[in-house]
Amino acid sequence: MIEGRINLAREIGQDLLRHKWHLLLAMVTVLSAMAVIVVTHGTRQLTSEYNELMAEQDRLDIEWRNLLLEQNTLMEHSRVEALARDKLGMHRPDPGKEKLVTQP
């Protein structure tokens with residue numbers, strides 16, 4: 001027969017107290033793993049944000065180039081008008097002398 005009953009909870013508690021360092025190292029390992037998860041998640045979020053910002057930079061760069069082209073086009077018109085006025089003696093007609101031609 002069994003001489004005495006064994007209290008499982010008390011035995012587990014005593015065993016844990018005997019192996020304090022093992023328990024502490026296990027807890028440190030779990031905390032370290034949680035820190036790795038948090039840092040990895042943060043890094044992925046920052047990488048995603050960086051990619052979005054780079055796409056925005058590309059979009060703004062394209063828009064800037066289009067604006068430069070538009071500015072150059074407008075400057076060409078001014079240059080042609082200046083050349084016509086200076087070299088050819090041309091000028092804009094007075095508004096009263098302008099005639100509008102429409103098609104029926």
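In the predicted model, E63 is partly exposed, its relative accessible area being 38%. This residue takes part in a salt bridge with R59, in which the closest N and O atoms are 3.4 Å apart. Both R59 and E63 belong to helix α2, where a spacing of 4 residues places them about one turn of the helix from each other.

R59 also forms a salt bridge with E56, and here the closest N and O atoms lie 2.7 Å apart. The two residues, R59 and E56, are 3 residues apart in helix α2, which comprises residues 20–87, and are therefore separated by about one helical turn. With a relative accessible area of 42%, R59 is partly exposed, and E56 likewise falls in the partly exposed class, at 33%. Side chains of opposite charge can pair when their charged atoms come close.

A further salt bridge is formed between the side chains of D86 and R85, with an N to O distance of 4.0 Å, a value to be read against the criterion that the nitrogen be within 4 Å of a carboxyl oxygen. D86 has a relative accessibility of 59% and so counts as exposed, the threshold for that class being over 50%, whereas R85, at 44%, counts as partly exposed. Through salt bridges that share partners, E56, R59 and E63 are joined into one network.

Technical notes
Residues are numbered from 1 along each chain as its sequence is written. This is a predicted model: local features need pLDDT of at least 70, side-chain atom pairs count only at pLDDT 80 or more; totals for chains, interfaces and linings use all residues. Side-chain values use heavy atoms; hydrogens and water are left out. Buried means under 20% relative accessible area, exposed over 50%, partly exposed in between (1.4 Å probe, protein chains only).
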